[in-house]
Amino acid sequence: MSPTVKQSMNPVPIKDRIKVPRQLMPEQPAEARAHNFEEVNLGYDAELAKREAQRCLECAKPTCTDNCPVGVKVKEFVELIVAGDFLGAAAKVREDNVLPAITGRVCPQEDQCEGKCLLSKKVKPLGIGYLERFVADFEKNHGTAIIRKAPLTGKKVAVVGSGPSGLTVAGDLIQKGHQVRVFEALHEIGGVLVYGIPEFRLPKQIVREQIDTMRQMGVEFETDVVVGRTVTIDELLEEEGYDAVYIGTGAGLPQFMGIPGEHLNGVYSANEFLTRINLMKAYKFPVYDEPMLDLHGKNVAVIGGGNTALDAIRSALRLGAAKAYVLYRRSEAEMPARAEEVHHAQQEGIDFQMLTAPVEFLSDGKGWLTAARCVRMELGEPDASGRRRPVPKAGSEFDLPLSVAVIAIGTSANPIVQSTTPGLDTNKRGYIQASDETQRTSRKGVFAGGDIVTGAATVILAMGAGRRAAHSIHAYLTTGEW
Amino acid sequence: MIPDTIISWGNTLSIPVRGAPVFKIIHAQFLAPGIKRFVIEAPRIARKQQPGQFVILRIYEEGERIPVTIENSDPEQGTINIVVQSAGKTTNLLNSLETGDSILDVVGPLGKPSEIANYGTVVVVGGGVGTAMAYPTAAALKRAGNRVLSIVGARNKELVILESEMRAVSDALMTTTDDGSYADKGFVTDKLRQLIQNGTRIDLVVAVGPLVMMKAIAELTRPERIRTVVSLNPIMIDGTGMCGGCRVLIDGKSEFACVDGPEFDAHKVDFSVLVQRNAMYRAAEQKSMEEFQRAQAKAHECAVTSSVRQGGQR
């Protein structure tokens, strides 16, 4: 296809494109969705997708792609949507992104592709995430895809952890002709995609379909393997014949606040709260056996301001909470959550208590949570993260009545792999040290990426690390040079 | 020339992609009423299991994940032995499984292994089904050259388990039953108190059993300054440190039983917090159990009815 043909496909002249408003994502009404676990966003139809795609300014040097951790060729796939070739667009996305139906839903696009969109200087950026989701869903509903694989190399790669970074490594390497086996500690493949992100933001059926795609491509999976305990990295390399290992075990241990009352019944880590709901389907108790506390008519608060915090509190609302609070010690401007999630949560009626932090959890004297004693904060000088440090206001203490509190203030490194792999260097916070460029660790043939290297981050950053690792694992397996 | 892989989305099943092996039950046998031993095919776990470790299992797709004691393993055969006491729905369901059935998920070995060294004289205490967890530790301590004095306790004669196994790895074995229906009437703590009062030199006490028992042991050895290790059993989901549900208060600080334990210094454990947290889902557990029993009764009724229809030959 010549460039002139492509340009003729877009009926909107370049100068008029900025006047076309960003097409709104159809969504479930807030009142309805606050009480169900079905997906909030309903997705563009072909008409909306084409209209949105027509807004692309077709920059000579597209900054959207530069700002995508896996380098999705945005301009090219958007042009294919304009041309009505949706399957072609999906195939174009999949050249760089093995999980497009997932990233189209959970990426913080405002910080990545859309953040650098030229349109955003004047109006709202191109809805790149919405378009990515559209083509991925279209392909799933309408087509088959042909994956051209390289000849088999005879090399074997073990991937530890089946979250977004591990799946990316597996998807890239299988296409290069290597044999790939993914080990997962839990009973279901997907890592944070299945235990962390709730159904209303990322339906598990979507995750299963993407994983099934990888299975069809030839990736092998083994659940119920805790690498470090069930088998060690050294055993994989020396006894099971793997030529390289990629460690993508995720962030790991939830952090607690270290304040009195954290052991009361009713105080959860976000990981536990979300795992019970998402992985174990506790919201379907007693059809599913895993229990959780009944939230109907109860006051629930989450502590933290990230995506995990919002996932937890919006789940609590859907489970019948009467009041659902977000307690965040800084202001809304500093909240790390995706903008769309904050907006959705506000629409659903989540009560945001900014500049507020609990200092103690209070009990009924029988071990059950009854309230959080909180203080109001004000912002002082910027701290190491560059964000203004919250400082408690004297005399601002108050008690917030609560039945359940969910702590979502971050995670620290899970030590299982590190402590069972001699010679694997870690940093002072316990995360695995890996090169930013190659994801190589201090051990020959061992690569690492995602949250176990960087600490808790996003799905797409983990996938970016997976992409780089796949590239350098392929180079290592081809040349044998370390 | 490699043929292209054609990916189709039309026939994707709604069940998750798995890839775990089949965890087949090679042998199942009741050791006591409500306490069953399973020999399970789990070659990876069998190869790595060490005393003090446990597995987490899930029986079927809608099932919960529960931690279960590993009593023993056979790396050559690729099997592990687990011992399960019926308490709630999941354990009752598990104990209804027989030789030839299989368990959907078995993951492990989890937790830090027991610290095995030559301490001198070690008293190993097993209370009820906890004896199954104490047994491999006792055996390893014996192999390490310790003088092992074991105390096994149960509510009554029928519930005493693994007595001969424990005897085989101990220099002396004492058995108690709460009701005196077998061996000496009393509690395991009575035996330990006697040993202390007799002036027996004790370098280490390892106790595995109900929380009340482990707490009583801790209180008994604290004034004597005898190093004491207990194996804790909090509510757990993933077993890899990810969820933090199994946090226990050790010396005023949160630790995770699945990665930092399950064994801890008994004198630093806040037992009351553990008792309180283990009761968190009691209402839900009771509801689960009642529905399970109703379903069982109904199934039984159906079986009776149908056998009656078939001429009453049961």
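## Antiparallel sheet of chain B

Strand E2 (residues 23–32) of chain B is joined to E7(B) by 2 bridges, and the two run antiparallel. Strands here are DSSP runs of E, at least two residues long, and helices are runs of H or I, at least four residues long; both are numbered from the N terminus. Two strands pair if DSSP finds at least two bridges between them. B:Lys24 has B:Ser102 as its bridge partner in E7(B). Helix H3(B) packs on the sheet and touches strand E4 (54–58), strand E5 (66–74) and strand E6 (79–85) of chain B. The direction of H3(B) makes about 40 degrees with that of E5(B). Axes are lines fitted to C-alpha atoms, for helices over the stretch in contact, with angles from 0 to 180 degrees between N-to-C directions.

The model is predicted: local features need pLDDT of at least 70, side-chain atom pairs count only at pLDDT 80 or more, and totals for chains, interfaces and linings use all residues. Residues are numbered from 1 along each chain as its sequence is written, chains are lettered from A and ligands numbered from 1 in the order written, and side-chain values use heavy atoms, leaving out hydrogens and water.

The sheet is open, with 7 strands in the order E7-E2-E3-E6-E5-E4-E8 (chain B) and antiparallel pairing. Strand E7 (102–103) and strand E8 (105–110) of chain B are at the edges with a single partner strand each, so one side of each has no neighbour in the sheet.

## B:Ile25

B:Ile25 is found in strand E2 of chain B. B:Ile25 counts as buried, because its relative accessibility is 1%. Buried means under 20% relative accessible area, exposed over 50%, partly exposed in between (1.4 Å probe, protein chains only). Beyond four places in sequence, its contacts include B:Phe38, B:Leu97 and B:Ile103. Contact means heavy atoms within 4.5 Å.

## Mixed sheet of chain B

Another open sheet of 7 strands has the order E12-E11-E10-E9-E13-E14-E17 (chain B), with mixed pairing. Its edge strands are E12 (184–185) and E17 (263–265) of chain B, each pairing on one side only. Strand E11 (residues 172–177) of chain B runs parallel to E12(B), joined by 2 bridges. B:Thr176 stands opposite B:Asp184 in E12(B).

Helix H3 (residues 131–143) of chain B lies across strands including E9 (121–127) and E10 (147–154) of chain B. H3(B) runs at about 165 degrees to E9(B).

## Confidence in chain A

Chain A has a mean pLDDT of 93, and 98% of its residues reach 70 or more. pLDDT is the predictor's confidence in each residue, from 0 to 100. Over residues 1–6 of chain A, pLDDT stays under 50. Where pLDDT is low, the predicted coordinates should not be read in detail.
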